[in-house]
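Hi,

Here is the structure I said I would pass on.

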Amino acid sequence: GRDFEAEAAFQVKAQPQVVAVGDRAPATRNPLPGDPSVPPTAIDSRAEDGEVPDPDLHSTTIADALVAGRPVVVVVSTPVFCVSRFCGPITDEIDELAREYGDRVAFVHLEVWQDFEEQVVNPAAQEWIFPRDGSDAREPWVFVVGPDAVVQDRFDNVATDAELRAAVEAVAGA
């Protein structure tokens, strides 16, 4: 109930290090449930007994949605292994939006880790969130892509429900 002020210093680079607003979205061929070459936990770290949660977030590839001319919301997160602890809640929020806007927008979750124990990153996640300068990646990220395959909005780590909803509504149309 009290206001606080804080100061922080951070580096601003001349060029974006990950997919940025205005960029063409990578035409990612993310793995889907049932792919025999990919363990379920590489599709979603919360997969238990082979069951991938949030089917609305794992029903299409980004590439297929872009070819169809659909807007896409991409959440790149690792709900089980997330250091910031924002991954699970933001993935859940995107799943709620998928239930509401899924008829007009494709929603895709990219799991960060192909194999957490061996520290092997999913190639799909690497296309979106691994910095071009080789520095360490952070998660979660949310990218909102228009029907023209251009990134319209992106959120790094923290986003409010209102911000996410407004971004989805902007690409969903009437």
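**Pocket and cavity**

Eighteen residues, or 18 in figures, line the largest pocket, and Gln11, Lys13, Gln17, Arg138 and Arg154 are the ones nearest its centre. By class, that lining holds 8 nonpolar, 4 polar and 6 charged residues (Ala, Val, Leu, Ile, Met, Phe, Trp, Tyr, Cys and Pro count as nonpolar, Asp, Glu, Lys and Arg as charged, and the others, Gly among them, as polar). The volume of the largest pocket comes to about 440 Å³.

Before going on, a word on the source: this is a predicted model, where local features need pLDDT of at least 70 and side-chain atom pairs count only at pLDDT 80 or more, while totals for chains, interfaces and linings use all residues. Residues are numbered from 1 along each chain as its sequence is written, and side-chain values use heavy atoms, with hydrogens and water left out.

For the terms: on a 1 Å grid over the protein atoms alone, a cavity is a set of points where a 1.4 Å probe fits but cannot get out, a pocket is an open set with protein on both sides within 12 Å along at least five of seven lines, and lining residues have an atom within 4 Å of a point. Grid points are joined across faces, edges and corners, and a volume is the space filled by probe spheres set on the points.

Searching the whole structure turns up 1 cavity of 30 Å³ or more, with about 60 Å³ of space in the largest cavity. Its lining is made of Asn30, Pro31, Ala42, Ile43, His58, His109, Leu110, Glu111, Asn122 and Ala124. Helix H1 (40-43) and strand S2 (106-111) are the elements that give two or more residues to that lining (helices, H or I with at least four residues, and strands, E with at least two, are DSSP runs numbered from the N terminus). S2 supplies the largest share, 3 residues. In the cavity lining, 5 residues are nonpolar, 4 polar and 1 charged.

**Helix packing**

The axes of H3 (residues 87-101) and H5 (residues 161-172) come within 11 Å and cross at roughly 35° (axes are lines fitted to C-alpha atoms, for helices over the stretch in contact, with angles from 0 to 180 degrees between N-to-C directions). The contact of H3 with H5 has 7 nonpolar, no polar and 5 charged residues.

**Disulfide and backbone**

There is 1 disulfide in the whole structure (a pair of cysteine sulfur atoms within 2.5 Å). It joins cysteine 82 to cysteine 87, S to S 2.3 Å. The torsion about that S-S bond is about 60°, so the disulfide is right-handed.

The peptide bond from glutamate 139 to proline 140 is cis, with omega near 5°. Glutamine 119, not a glycine, has a positive phi of about 60°.

Cheers
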